[in-house]
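Thanks for coming. I will take a few minutes to go through one structure, so please have a look at it first.

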Amino acid sequence: MLGKLARQQDPNVLVGFDHADDAGVYQIAPNQALVQTVDFFTPVVDDPYTFGQIAATNSLSDVYAMGGRPLTALALVCFPEKADLAILERILAGGLSKMMEAGCTVIGGHSIRDEETKFGYSVTGLIHPEKVLTNGGAQPGDALVLTKAIGTGVISTAIKKQKAESAWVEAAIASMTTLNKSAAELLARKAYPVHAMTDVTGFGLIGQARELALASKVSLELRAGSVPVLPGALECVRDGHVPGGLKANRDFAECMVEYADGVAEDLKTLFFDPQTAGGLLISVSAEAAPDLVAELRDSGLPAAHIGEVRPSTKPVIQIL
């Protein structure tokens, strides 16, 4: 809908909404720019404190995906009028715990009465204007690195149906409450030759890869067997615990995908799974990819080299 509106002409806007990037970037000084994003959603787990943690991790992710450092946050709350306020207190406490871990200060927020609970944050970060990472700089020959396993959407659906095994839930929660902070700080500290970056969220791995490919005017080659998958995710797909968002993602983006013979149907489905607080998808110089993956794994992330960037052709995304 934003694309139908008149464009505001402001030379300080370094990143707007033209290429579906993760956050907006606005320059405020020669060596300083703001990174701004907002995200909120309904509960994906039963425990209020954990839900708050996940919501905060997810909201912070877009700042990290641009290469920025989160600075302040405003809470967004929708909560039923007659619900127990102790639940809301636990949600807010969980969110605050992750904001504190990120070094991001919660300075206020806004709440409304709503029949369905929703929670998240508007986050503002800082970045040097010359160090902004967008989804539009991938170069042919780059390696594609993913920092987290996929499958949170189908596991969350199984949780709602009370069909998820405890080990699956624990692994999904651990992933959804892991900040992308360590990965983003590693990239900045070691000055890896990263050309483009995005985080894998609601559009799923293929949806986010599609945006990166279109913004960069390249094609992508993904290796199905290299993509890290959360325990239980494939079982959830096989048992039919497929969220509506996955089906919508597949209907929208699969027209740009070509599969090699032998790619399993459950994996094809999972590649469109909408992720909550997913990992970073990084387009980095091929020579640097092995060292980057090794360092990410040393920091505790299940990072993997999942594919390559190719010159623009059809299909836009090929899965081998």
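Which residue just after H10 takes a positive phi? That is Gly300, with a phi of about 100 degrees. Keep in mind throughout that this is a predicted model.

Let me stay with helix H10, which covers residues 289–298. Its buried residues are Ala289, Leu292, Val293 and Leu296. Looking down the helix axis, these buried residues fall within an arc of 95 degrees, so they line one face of H10. As background, an α-helix has 3.6 residues a turn, so residues three or four places apart point the same way. On the other side of H10, Pro290 and Asp298 are exposed.

What covers the buried residues of H10? The cover includes strands S7 (143–146), S11 (280–284) and S12 (304–311), together with helix H5 (181–190).

Now the cores. The largest nonpolar core has 79 residues, and those touching the most other members are Ile155, Ile206, Leu220, Phe271, Ile306, Ile317 and Ile319. Helix H1, residues 48–65, gives the most to this core, with 7 residues. There is also a second, separate core of 20 residues, which includes Ala65, Ala143, Met197 and Leu296.

Back to Ile155 for a moment. Apart from neighbours within four places in sequence, Ile155 is in contact with Ala164, Trp168, Ala172, Leu230, Pro231, Ala233 and Cys236.

Last, the surface. Leu2, Leu5 and Phe17 form a nonpolar patch there, with about 290 Å² of accessible area together. Leu2 lies in the segment before strand S1 (13–15). Leu2 is partly exposed, at a relative accessible area of 47%.

Notes:
Residues numbered from 1 in each chain as written. Predicted model: local features only at pLDDT ≥ 70, side-chain atom pairs only at ≥ 80, totals over all residues. Heavy atoms only, no water. Patch = residues over 30% accessible without salt bridge, like charges linked within 9 Å, V, L, I, M, F, W, Y side chains within 5 Å. Areas by Shrake-Rupley, 256 points an atom, 1.4 Å probe, with all protein chains shown as cover. Salt bridge = Lys/Arg side-chain N within 4 Å of Asp/Glu carboxyl O. Helix = DSSP H or I, 4+ residues; strand = E, 2+ residues; numbered from the N terminus. Buried < 20%, exposed > 50% of the residue type's maximum accessible area, 1.4 Å probe, protein only. Core = buried A, V, L, I, M, F, W, Y, C linked by side-chain atoms within 4.5 Å. Contact = heavy atoms within 4.5 Å. Arc of directions from axis to C-beta.
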